[in-house]
Amino acid sequence: MYRQVASLIGLQLVTSFISVAKTLSGQRETTQRQLNAEKRKQSDGPLVESLKKRLAVTLEHITHLEELMRKIFSG
């Protein structure tokens, strides 16, 4: 019984990680496209800096998620 519960919880955890990873990936792609478009319009400015910061934070979140998944699956 406990193995079944543990397996179900593990499956739900993996599903949640996949959902979060998919959301972060979409956010990263959108932010990168916006940043590229703004860089074509202007070389620098508050919007470009804001997009750079948002992209950096998103990449940091992706890195943390990857580390968490690696720790969980490799022990």
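We go from the overall fold to single residues.

Mentor: Before you start: this is a predicted model, where local features need pLDDT of at least 70, side-chain atom pairs count only at pLDDT 80 or more, and totals for chains, interfaces and linings use all residues. Residues are numbered from 1 along each chain as its sequence is written, and side-chain values use heavy atoms, with hydrogens and water left out.

Trainee: How many helices and strands does the protein have?
Mentor: Helices (H or I, at least four residues) and strands (E, at least two) are DSSP runs, numbered from the N terminus. Here there are 2 helices and 0 strands.

Trainee: What does the radius of gyration say about the protein?
Mentor: It is taken over C-alpha atoms, and the globule rule is 2.2 Å times the number of residues to the power 0.38. A compact globule of 75 residues would come out near 11 Å, but this protein has 18 Å. The C-alpha trace spans about 60 × 20 × 15 Å along its principal axes.

Trainee: What span should helix 2 have, at 1.5 Å a residue?
Mentor: The expected span is 1.5 Å times one less than the number of residues. For the 29 residues of helix 2 that gives 42 Å, and the end C-alpha atoms are 42 Å apart, so the two agree.

Trainee: Which residues of helix 2 are buried?
Mentor: Buried means under 20% relative accessible area, exposed over 50%, and partly exposed in between (1.4 Å probe, protein chains only). In helix 2, V48, L51, L55, T58, I62 and L65 are buried, and the buried residues of this helix pack against helix 1. Across the protein, buried residues make up 16% of the 75 residues.

Trainee: What does L24 touch, not counting residues up to four places away in sequence?
Mentor: A contact means heavy atoms within 4.5 Å. L24, in helix 1, touches T58, H61, I62 and L65 on that count. L24 is buried because its relative accessible area is 10%. The C-alpha atoms of L24 and I62 are separated by 6.6 Å, although these residues are 38 apart along the chain. For the protein, among contacts between residues at least 6 apart in sequence, 56% join residues at least 24 apart.

Trainee: And Q34, buried or partly exposed?
Mentor: Q34 counts as partly exposed, because its relative accessibility is 33%. Q34 is also in helix 1 (residues 2-41), and beyond its neighbours within four places in sequence, Q34 is in contact with L51 and R54.

Trainee: How many salt bridges are there?
Mentor: A salt bridge is a side-chain nitrogen of Lys or Arg within 4 Å of a carboxyl oxygen of Asp or Glu. The count comes to 2. One joins K41 and E38 (3.3 Å, N to O); they are about one helical turn apart because 3 residues separate them in helix 1. K41 is exposed at 65%, while E38 is buried at 14%. E49 and K52 meet in a salt bridge as well (3.8 Å, N to O).

Trainee: Which residues make the nonpolar surface patch?
Mentor: Patches are made of residues with over 30% relative accessible area and no salt bridge; like charges are joined within 9 Å, nonpolar side chains (Val, Leu, Ile, Met, Phe, Trp, Tyr) within 5 Å. Areas come from the Shrake-Rupley method with a 1.4 Å probe; for residues, only the protein chains shown count as cover. L13, L68, I72 and F73 make a patch of about 360 Å². Helix 2 (residues 46-74) gives the largest share, 3 residues, while L13 lies in helix 1.
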